[in-house]
Amino acid sequence: MARLFVAVAALALLATACGETSSDAAKDDGKDGKGSGSSGSYDGKGIGLAYDIGGQGDQSFNDAAHAGYERARKDFGIGGVDMEPGDGESSADKVQRIEQLARQGYDPVIGVGFIYAPAIQEVAKKFPDTTFGIVDDNTVKAGNVADLVFHEEQGSYLAGVAAAKATKADHVGFIGGVDIPIIHKFEAGFVQGVKSVDPKIKIEKRYLTEKPEEGGFASPDKGQDAASGQLEAGADVLYHAAGLSGQGVIQEAGSQRKWAIGVDSDQYKQKALAKYRKYILGSALKDVGGAVYDLAGSVVKGKPMTGTQRYDLRSGRVGFADSNPAYRDMKEVVAAVEQAKRDIVDGKVEVSARP
């Protein structure tokens with residue numbers, strides 16, 4: 001994906017040795033940081049956002065964060081800069097990216113993804129007056145850090161119910177980007193949801209890589225190959241939790257006129273997937289953008305969120321998207337998903353976070 005580099009001298013240091021600066025950084029427009037919701041008390045430069053592997057344009061996890069970043073800047077009248085990860089970067093590069101955002105005066109500084117935990121753990125100590133946020137990790141414990149975590153298994157349970165009600169072959173598939181605990185939660189919820197409808201339904205399972213640096217979240221070709229294998233095995237509904245790699249899953253399912261279920265963002269609405277959207281049954285939503293927005297708003301208003309902030313179905317930050325008219329026409333499927341949602345919120349169903 002082509003990128004526009006920011007030529008502003010104040011941002012040049014940010015781009016050095018710690019990834020590219022998104023073209024949206026150019027929209028900082030020299031704002032003084034005194035947002036409309038701050039009553040003049042906010043003196044930061046705006047939001048500093050560091051993307052996870054795959055970067056902006058993944059139509060999923062990172063794009064969800066970007067949406068919240070843009071909405072916060074607009075609603076609160078603040079500036080901001082968002083930054084891409086570098087290819088094959090080291091842990092030191094992540095530390096440098098987070099530190100430079102803080103040093104430049106951005107507040108909050110948010111790392112999108114658990115890979116930023118060590119960097120935020122280190123940098124937050126150096127900048128006690130800056131609020132830091134990290135998505136998908138709750139191991140960083142500091143008075144100026146907000147751990148933004150989700151009950152991904154709950155949204156995945158709904159995806160499992162939808163898949164089980166929609167399959168005609170009694171055979172579905174799950175494709176995870178990387179074989180790590182956070183993605184195991186997606187698998188666990190999905191499998192439990194499928195089995196709640198019919199324990200006899202066969203479930204294919206596949207992880208693309210063992211480690212994030214091996215491309216599990218950033219390789220559409222790997223996702224396409226995995227999807228091809230599961231469809232060939234007989235599955236007719238595929239659910240992915242694979243970031244950018246999920247584009248390949250959706251493309252392969254769509255090309256074979258089989259159902260795909262997206263993740264994190266409402267992938268039915270993604271322009272890059274428009275050709276295949278009629279085959280996107282729905283998406284297990286994880287409102288990363290809402291979490292980014294919440295944290296930015298708390299800082300602007302002078303009451304920064306800190307500690308673990310956990311989002312679930314009850315909060316509305318986890319759910320299942322129903323944008324596809326074809327899905328809404330499947331009344332039995334919709335009813336089953338809605339009932340499952342009520343059962344989870346009411347405490348009648350407890351969704352496991354482990355396979």
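**The largest cavity**

The lining of the largest cavity is made up of ten nonpolar, three polar and five charged residues. The model is a predicted one. The space in this cavity comes to about 190 Å³. To find the place, select Asp52, Phe61, Ile183, Phe217 and Asp264, which are the closest to its centre of the 18 lining residues. Next, colour α2, α6 (181–197) and β9 (259–264): each of them supplies at least two residues of this lining. The largest share is that of α6, with three residues.

**The second largest cavity**

How many cavities of 30 Å³ or more does a search of the whole structure find? There are two. For the second largest cavity, of about 30 Å³, select Glu152, Gly155, Ser156, Phe186, Tyr239, Asp264, Ala284, Leu285, Lys286 and Val318, the residues that line it. Asp264 was also selected at the previous stop, among the residues closest to the centre of the largest cavity. Both α5 (152–166) and β10 supply at least two residues of the lining of the second largest cavity. By class, this lining has five nonpolar, two polar and three charged residues.

**Helix α2**

Now select α2, residues 61–76. At 1.5 Å a residue, its 16 residues should span 22 Å, and the end C-alpha atoms are 23 Å apart, so the two values agree. Buried residues in α2 include Phe61, Ala64, His66, Tyr69, Arg73 and Phe76. Step just past the end of α2 to Gly77, which has a positive phi of about 65 degrees.

**The second largest pocket**

The pocket has a volume of about 240 Å³. Which element gives the most to its lining? That is α2, with five residues. At least two residues each come from α2, β10 (280–286), α9 (288–300) and β12 (318–321). The lining has four nonpolar, seven polar and six charged residues.

**His240**

Last, select His240 in strand β8 (residues 237–241). Is His240 buried or exposed? His240 counts as buried because its relative accessibility is 0%. Show its side chain and look for two partners. One is the backbone nitrogen of Ala242, reached at 3.1 Å. The other is the side chain of Gln267, with which the His240 side chain makes a polar contact at 2.8 Å. Leaving aside neighbours within four places in sequence, residues in contact with His240 include Ile175, Gly246, Val249 and Ile261.

Technical notes: Residues are numbered from 1 along each chain as its sequence is written. This is a predicted model: local features need pLDDT of at least 70, side-chain atom pairs count only at pLDDT 80 or more; totals for chains, interfaces and linings use all residues. Side-chain values use heavy atoms; hydrogens and water are left out. Helices (H or I, at least four residues) and strands (E, at least two) are DSSP runs, numbered from the N terminus. Buried means under 20% relative accessible area, exposed over 50%, partly exposed in between (1.4 Å probe, protein chains only). A polar contact is a pair of N or O atoms within 3.5 Å; within protein, one must be able to donate a hydrogen and the other to accept it, and residues adjacent in sequence count only if both atoms are side-chain atoms. Contact means heavy atoms within 4.5 Å. On a 1 Å grid over the protein atoms alone, a cavity is a set of points where a 1.4 Å probe fits but cannot get out, and a pocket is an open set with protein on both sides within 12 Å along at least five of seven lines; lining residues have an atom within 4 Å of a point. Grid points are joined across faces, edges and corners, and a volume is the space filled by probe spheres set on the points. Ala, Val, Leu, Ile, Met, Phe, Trp, Tyr, Cys and Pro count as nonpolar, Asp, Glu, Lys and Arg as charged, and the others, Gly among them, as polar. The expected span of a helix is 1.5 Å times one less than its number of residues.
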